Amino acid sequence: MSVTLSRINASAATLTKNRTEGSVVPSSCMCVTCVDGCIGMCEIGKSAYCGHEVLYPQPLGVITAAAEKTYPVDYSHFNIMGTSVGAHGIEPDSDKAIFPAVDLEIAFGHDRGIKFRYPWAIPGIGSTDVAKNNWDGLAIGSALSGTGLTIGENVGGMDPDAVIRDGRVVDTADLKRRVKLYRDHQRDGYGAIVVQANIEDTRLGVQEYAIQELGVECVELKWGQGAKDIGGEVKIRDLKKSQMLHERGYMVLPDPTATHVIRDFEGGVFKEFERHSRVGMVTEESFARRVEELRNAGARYIFLKTGAYRPAGLARAVLFATRYKTDLLTVDGAGGGTGMSPWRMMNEWGVPPVALHSLLYQYARRLADRGLQLPALAVAGGFTLEDQIFKGLALGAPFVKLVGMARAPIAAAMVGKTIGRTIDNHQIPVYIERFGDSKDEIFVTSSSLRQELGAKEFEELPTGAIGLYTFYTRLAQGLRQLMAGSRKFALEYISRDDIAALTREASDISGIQYIMNVDQDEVDRVLES
């Protein structure tokens, strides 16, 4: 039976809807009866007057977005396997093998010098307003938690206060602030702040500046737009800034230097410019050269992030990252992201996460079987809660060390920030007020944070940071409980047989055993003993 996997022509993402919401054509999602005289609420209708504006999720600047498409196989098609015997990584004693004893720390990098308290990180949020407006919470919360945070593309190039000489960045305000905010709250050497670069950043020398002037140790190369095939846009409502970005080498539409464009903008014919980034053109030679340039500039650790490109592109990423000894490779599945990518592309482009991550395991296994030393691997693409984190680590074991998440941490930081604002304004919603009327009462981690940091530092924490930190403590306890149930008391013991496929299709794609075939040999030994 054929099932339509996509919902098109109407979505909360594009602020569109059908007139006959209960009756639409499955293939096109047009209203069954399209009436002459309709004002045009669907994407087709809205595009008749807003044109390309309807390509992007709305409203810009205050949202993140992810695809609505239902993939044939996702992480819900696997279940975690528990057992009633033994323990790995701890003495099999019921008084010792308790879930708080599960060790979630990881160390990776060529010298194992990068330490995280938890096996996840935020793999890249850049110059969008939603990232900038929530950076305090994201940076401080990540640093306090001892996890990684990547400053995404275009932050240096988009900074109106950046100083650029001879086409190279020599000073910044925004990038400098972002790095400092994270570092000021790091504890005991855990975590890492990473600076990512796309084509424009590379041309501007943003990473060299970050290494040599800001003391950044970790930098990340980015192929294309990560999980996205084409550069996301940023809206610019200031003519001078649009012209500045045009001068710095960005694509700005329409051309802010054209006389008729300036006239129309100043006359109110249109109110916004669009800034776009270029797509990458990867070659092994250029990749090797860039890695060497960054090492010569003083980078201690070099990462690569790639997205949901076709399998040959993934194979290149795995091989190049291995051959040129990068420290981490992040592979981001189809389905969306934190920026403003075209909505239909987010739904209809790329390899879905389970398929992509399964291919990643296959390619890593092939290189490892040849005796090659792979970098640490990270998987991303819609992860939000602890069960998905466990499954992602298990599907890619023993090569996958980290899970990348962005939308979920941003959501936690935004909620924390919003709660703080309602406390300050004495307008706490009833839903929240039942937990208390101060951040000490509302946030369950407040007492421990106040004890660890001291009263003065705790009072200065933005509530967005407390929200992210609290969310991370939930993930950590949840993951420890799942691992304890599987009798795995350290991350290194998680393996592919800790999950089982619930459908034959999921098993065929992933190579994970179908649920009815799990433990067959052991079952025979038990029953015949």
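**Close-up views of a predicted model**

**View 1. Helix H7 and the glycine that comes after it.** Gly-215, which follows helix H7, has a positive phi, near 75°. In this predicted model, helix H7 spans residues 206-214, and because seven of its nine residues are buried, the helix is largely enclosed by the rest of the structure. The buried residues of H7 are Val-206, Gln-207, Glu-208, Tyr-209, Ala-210, Ile-211 and Leu-214.

**View 2. The packing of helix H3 against helix H20.** Helix H3, made up of residues 135-145, packs with helix H20, made up of residues 463-485, at an angle of about 45°, and their axes lie 7 Å apart. The two helices are therefore oblique to each other, and H3 passes H20 in a right-handed crossing. On the H3 side, the contact is formed by Asp-136, Gly-137, Leu-138, Ile-140, Gly-141, Ser-142, Leu-144 and Ser-145, which meet Gly-464, Ala-465, Leu-468, Tyr-469 and Tyr-472 of H20.

View 3. Ser-6 belongs to the segment before helix H1, the helix of residues 43-50. Its relative accessibility is 18%, and because buried means under 20%, Ser-6 counts as buried. When residues up to four places away in sequence are left aside, Ser-6 touches Cys-29, Lys-69, Arg-344 and Glu-348. With Glu-348, the side chain of Ser-6 also makes a polar contact of 2.5 Å, which joins it to the side chain of that residue.

Terms used. Residues are numbered from 1 along each chain as its sequence is written. This is a predicted model: local features need pLDDT of at least 70, side-chain atom pairs count only at pLDDT 80 or more; totals for chains, interfaces and linings use all residues. Side-chain values use heavy atoms; hydrogens and water are left out. Helices (H or I, at least four residues) and strands (E, at least two) are DSSP runs, numbered from the N terminus. Buried means under 20% relative accessible area, exposed over 50%, partly exposed in between (1.4 Å probe, protein chains only). A polar contact is a pair of N or O atoms within 3.5 Å; within protein, one must be able to donate a hydrogen and the other to accept it, and residues adjacent in sequence count only if both atoms are side-chain atoms. Contact means heavy atoms within 4.5 Å. Axes are lines fitted to C-alpha atoms, for helices over the stretch in contact, and angles run from 0 to 180 degrees between N-to-C directions. Angles under 35 degrees count as roughly parallel, over 145 as roughly antiparallel, 65 to 115 as roughly perpendicular and the rest as oblique. A crossing is left-handed if the near helix is turned anticlockwise from the far one by less than a right angle, and right-handed if clockwise.
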